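Have a look at the sequence and the model first, and then we can walk through the details.

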Amino acid sequence: MNLKKWGLLFGVCMLVGLAASVITGSIMQWTDHDFGFMGLKAAGFNAFMMAIVGLMFGAFSHMGFFAYLTLNYIALSIFRKSYLWNALQGYSTLFAAGWMGYMLYKERSEGVLFWLLPLGLLACAAIVSYVKIKQTNSSAFIPSMFLLFTITFIEAWPALQGELNVAAIIFMMIPLFACNAYQIMMLHRILGNQTADSPAAAVKSAQ
């Protein structure tokens, strides 16, 4: 890993956030006329604002990704055994899923959002993690799940706070997940090593 590769990952991540935000926001705007500034009459302005917000989501996601790489490196240094750190990540992912459902239920969310959102995010994370292990090896599954679910959950925390706003949660969570999925799938390619499934390898190679 060098600065050029890291800069490329950061730049493309921001573009992924931009594209995911514009697509998600546009779909939501056309299905819900109350979504966005000034409704459908200002579609172009809304798309521009969504693009700006998407760039911010991409940058925020990359910060979270780098923080996870650092955490992963420190945790492996502390636990020494990778299976102990993986067990903690697996438990944390399940706990985060339950906590997300509890938060939404506590806010008296309408319909089935309080369990549909955690299960949907878990399912999407599992699919991406499965693709990841097919390209690397099985030890990448739990770290990928932790990043795609728990880190995305933490990054989307502002949308889950306060008064429940389903549109805000969806608009924030989908781009963040897309950015995290892109980064975890690109990690082993950037490192140029098919066995570099552990995120700690990126931190080590950047030193």
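Helix H4 buries Leu113, Leu117, Pro118, Leu121, Leu122, Ala125, Val128, Ser129 and Lys132, where buried means under 20% relative accessible area, exposed over 50% and partly exposed in between, with a 1.4 Å probe and protein chains only. Helices here are DSSP runs (H or I, at least four residues), numbered from the N terminus. This is a predicted model, in which local features need pLDDT of at least 70 and side-chain atom pairs count only at pLDDT 80 or more, while totals for chains, interfaces and linings use all residues. Residues are numbered from 1 along each chain as its sequence is written, and side-chain values use heavy atoms, with hydrogens and water left out.

With its 23 residues, H4 reaches 33 Å from first C-alpha to last, close to the 33 Å expected at 1.5 Å a residue; the expected span is 1.5 Å times one less than the number of residues.

| Pair | Angle between axes | Axis distance |
|---|---|---|
| H4 (113–135) and H7 (166–191) | about 15° | 10 Å |
| H5 (141–155) and H7 | roughly 145° | within 9 Å |

The angle of about 15° between H4 and H7 makes H4 roughly parallel to H7, a label for angles under 35 degrees. H4 passes H7 in a right-handed crossing, and H5 also passes H7 in a right-handed crossing; right-handed means that the near helix is turned clockwise from the far one by less than a right angle.

Contact means heavy atoms within 4.5 Å. On the H4 side, the residues that meet H7 include Leu117, Leu121, Cys124 and Val128, and their partners in H7 include Ile169, Met173, Phe177 and Ile184. The residues of this contact divide into 15 nonpolar, two polar and two charged. From H5, Ser144, Leu147, Leu148, Thr152 and Glu155 touch H7, where Met172, Leu176 and Asn180 are among the residues in contact. The contact of H5 with H7 has eight nonpolar, three polar and one charged residue.

Leu187 lies in H7 and is buried, with a relative accessible area of 2%. Leu187 and Lys132 are 55 residues apart in sequence and 9.9 Å apart in space, C-alpha to C-alpha.

Finally, is Arg80 buried or exposed? Arg80 is exposed, with a relative accessible area of 69%, and is found in the loop between H2 (43–79) and H3 (82–106). Phi of Arg80 is near 70°, a positive value in a residue other than glycine.

Note on methods: Axes are lines fitted to C-alpha atoms, for helices over the stretch in contact, and angles run from 0 to 180 degrees between N-to-C directions. Helices (H or I, at least four residues) and strands (E, at least two) are DSSP runs, numbered from the N terminus. Angles under 35 degrees count as roughly parallel, over 145 as roughly antiparallel, 65 to 115 as roughly perpendicular and the rest as oblique. Ala, Val, Leu, Ile, Met, Phe, Trp, Tyr, Cys and Pro count as nonpolar, Asp, Glu, Lys and Arg as charged, and the others, Gly among them, as polar.
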